[in-house]
Amino acid sequence: MIKNVLEHLGGVAGYGIVSLCLFFALFAGIMIWTFRLKKTDLDAAAALPLQEPPDEPSAWENRYE
Amino acid sequence: MNVETFRYDNRVVRAFCLATAFWGLIGTSVGLLAACQLFWPGLNLELPFTTFGRIRPLHTNAVVFAFVGNGMFMGIYWSLQRLCKARMFSDTLSWLNFWGWNAIIVAAALTLPLGLTTSKEYAELEWPIDIAITVVWVAFTVNLLGTVLRRREKHMYVAIWFYIATAITVAVLHIVNSLAVPAGPFKSYPIYAGVQDALVQWWYGHNAVAFFLTTPYLGLMYYYLPKAANRPVFSYRLSIIHFWGLIFIYIWAGPHHLLYTALPDWAQSLGMVFSVMLVAPSWGGMLNGLLTLRGAWDQVRQDPVLKFLVVAVTAYGMATLEGPTLAVKSVNALSHYTDWTIAHVHTGALGWNGFLTFGVLYWLFPRLYHTKLWSTKLANYHFWIGLLGMMFYLLPIYVSGVTQGLMWKQFTGDGFLQYGNFLDIVIRLLPMHKLRALGGTFYVTGIVLLCVNLYRTARSGRFEPETEAQAPALRRSDSAGEKRWTHRWLEGLPVTFTVLTTLAILVGGLVEIVPMFLIKSNVPTLASVKPYTPLEVLGRDLYIREGCVGCHSQMVRPFRSETERYGEYSKAGEYVYDHPFLWGSKRTGPDLHRVGGKYPDAWHYNHMEDPTSTSPGSIMPHYPWLLTQKLDTAPLKARIAALRKVGVPYPPGYEDTAAAELKTQADQIVANLKSGMITTEPDREIIALIAYLQRLGTDIKTPAATATAAPTAE
């Protein structure tokens with residue numbers, strides 16, 4: 001039944017416009033959302049990969065295979 | 001605070017590193033062999049297994065799935081553990097991932113040269129291997145998400161988002177595109193036909209580029225570039241926009257591989273518009289990577305790792321500007337089917353994936369073996385010879401692509417095709433192909449230097465199988481004070497994040513594919529188009545086995561330059577029984593959709609034995625084995641039954657009469673050959689191939705042509 005309805009769906013030509021609007025809404029939403037984020041939070045997140053201890057040879061002794 | 005001690009698993013990372021370097025060398029070497037065969041066809045040594053049509057998919061699979069695949073796992077397994085402050089979820093799954101994935105690659109390296117292929121680009125592997133890929137990918141995904149759920153760092157760093165998007169999307173793509181009905185241990189027919197198969201395949205093919213070659217490597221860029229430069233990413237805000245923008249848009253753009261084909265116009269336009277929009281997030285990410293190095297450019301002069309990473313990100317920028325350009329219909333009219341596409345993908349493969357992988361390998365090895373890189377000088381040599389290799393590869397092949405496209409379309413003042421003989425154009429491109437192979441040689445040499453350097457680095461240090469680390473356990477109350485509906489809040493909710501990612505990637509796919517399948521007006525039926533006869537079915541399977549689709553398209557676009565050269569342009573309704581579609585994406589040789597009836601049977605016989613006998617100067621390989629090998633008719637029944645299952649209307653019981661019908665048609669072709677002074681047996685493979693080639697594109701030509709076609713159930 002659902003398939004039957006979908007088979008006769010019209011307005012396929014409008015898909016481009018609908019998708020463009022959908023994309024624009026999403027993109028604009030993300031931009032607004034992102035620019036309202038706190039800088040301190042963003043900086044903390046950006047620093048995550050740099051948190052590890054530096055690769056000091058002295059700290060690595062006695063752990064070789 | 002409850003501080004926990006745990007150990008990162010370095011063993012599996014090392015295993016993936018070694019596999020990456022090994023397959024990098026193999027994949028590019030096979031590519032070099034294929035490139036040389038384009039000006040020296042005899043390099044296949046007259047063996048079926050080493051012929052261009054079979055090793056081209058071997059090259060692409062080895063580079064994409066073996067080299068980049070192992071490179072992706074290598075980078076993810078190292079960075080994910082450290083970003084999550086947790087060991088991988090399960091060692092068993094880690095090793096299942098490693099051995100399973102590499103066993104799949106070995107299976108590919110065996111089956112593709114044997115001609116066991118589905119012919120769908122980047123999805124050539126047959127159904128048993130497809131099932132294995134699904135199992136291994138599920139193991140990887142569970143391991144990834146399990147590690148994320150067990151993490152000790154509340155916030156998922158941007159790299160992890162890209163890893164999650166990769167795991168989810170590749171699973172969806174692989175399953176949807178691989179749906180097929182088996183017709184034997186290593187033979188299957190896709191459930192989709194013609195236009196629909198093409199749309200699904202290029203939705204897959206495009207997004208395999210997006211979610212196998214791009215998103216995981218963007219994750220690696222967001223981790224390894226800040227690590228190598230020892231400074232945070234330029235803008236975390238930009239990375240949020242990059243991520244959501246990219247994964248949402250990428251999935252829509254698949255139809256740009258099918259512009260001006262028989263695909264409905266609305267789907268083509270959708271693909272084009274979304275491709276152009278892709279520039280925004282892609283360049284956001286590229287600039288984010290490059291600007292991370294602001295104030296640190298002096299390091300780039302010293303550090304080979306940063307050199308490789310900078311070129312990789314620059315190549316990403318070039319490829320992601322070029323891709324949308326090629327997706328504009330008017331540009332695509334010139335570029336499609338030419339070497340331009342090859343140049344484009346190699347900007348991505350050699351520059352973005354290759355150089356990023358090399359950079360990460362040079363960064364990881366000293367850390368795995370806790371020593372210094374054996375020779376920075378050698379790494380610098382690798383950088384320069386690799387870069388030079390890229391230039392020598394890309395520049396000639398761009399020139400070749402544009403030349404090819406222009407020559408195909410050139411008319412004389414009198415309105416005739418200036419280069420009516422396709423071969424004139426092929427021969428004109430050979431010097432460029434030779435230069436391209438020189439570039440490839442440089443690039444492969446660079447990888448040899450890499451292997452030497454990594455080996456000596458490993459020798460000079462001692463491998464640390466596990467790294468001990470400490471971090472406080474993550475408590476539920478850690479997120480209690482978090483402000484809701486911020487991205488930071490979302491970064492602490494991996495399940496919600498994964499669901500949102502899945503939704504973002506599904507929207508585009510559904511909008512494109514569902515109407516394509518359900519709305520009947522998309523594929524107008526043509527009454528004269530009938531299913532293939534039994535002999536033609538087997539001939540088509542030989543065409544698939546030999547990888548003819550790698551060099552010959554079966555899609556005449558509606559341009560005067562093409563209808564003049566090939567004949568009537570191709571219609572969607574002509575392909576309704578094509579499981580799989582064989583439109584191709586490259587015309588090293590001419591289009592074959594209207595080749596049926598163009599030449600006598602004897603011409604095809606001579607041409608397959610020695611293409612230069614009918615087409616002097618041809619670079620097509622010889623196919624002498626087709627003339628001597630007996631046609632295997634044993635699987636005919638299973639194939640007819642499988643084709644009926646996927647929707648080809650063969651009447652019930654047709655399997656029983658198929659053999660007799662096959663014999664009659666084969667005898668007719670033998671008689672035709674005899675009149676062309678050729679004596680052969682009706683049970684040779686060449687007979688089936690001739691039957692298929694002579695059928696191609698004839699259904700709409702004359703009503704009489706349909707009389708020879710198989711009867712249908714209707």
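Does Cys451(B) count as buried, partly exposed or exposed, and at what relative accessibility? 
 At 25% relative accessibility, Cys451(B) counts as partly exposed, where buried means under 20% relative accessible area, exposed over 50% and partly exposed in between (1.4 Å probe, protein chains only).

This is a predicted model, in which local features need pLDDT of at least 70 and side-chain atom pairs count only at pLDDT 80 or more, whereas totals for chains, interfaces and linings use all residues. Residues are numbered from 1 along each chain as its sequence is written, chains are lettered from A and ligands numbered from 1 in the order in which they are written, and side-chain values use heavy atoms, with hydrogens and water left out.

**Chain A**

Chain A contains 3 helices and 0 strands, and its pattern along the sequence is α-α-α. Helices (H or I, at least four residues) and strands (E, at least two) are DSSP runs, numbered from the N terminus. Of the 65 residues in chain A, 25% are buried.

**The interface of chain A and chain B**

The size of an interface is often given as the accessible area lost when the parts come together. Here the buried area, which is the accessible area (1.4 Å probe) that two parts lose on being put together, summed over both, is about 4,200 Å². Carbon and sulfur atoms give 72% of that area. Contact, meaning heavy atoms within 4.5 Å, involves 36 residues of chain A and 51 residues of chain B.

The rule finds 1 salt bridge across the interface: a side-chain nitrogen of Lys or Arg within 4 Å of a carboxyl oxygen of Asp or Glu. Arg488(B) and Asp41(A) meet in a salt bridge through their side chains, at 3.7 Å from N to O.

On the side of chain A that touches chain B, helix H1 (2-7), helix H2 (15-35) and helix H3 (39-46) of chain A each supply at least two residues. H2(A) gives the most, with 13 residues. That side of chain A divides into 24 nonpolar, 4 polar and 8 charged residues; Ala, Val, Leu, Ile, Met, Phe, Trp, Tyr, Cys and Pro count as nonpolar, Asp, Glu, Lys and Arg as charged, and the others, Gly among them, as polar.

**Cysteines**

Over all chains the structure holds 0 disulfides, a disulfide being a pair of cysteine sulfur atoms within 2.5 Å.

Cys548(B) counts as buried because its relative accessibility is 15%.
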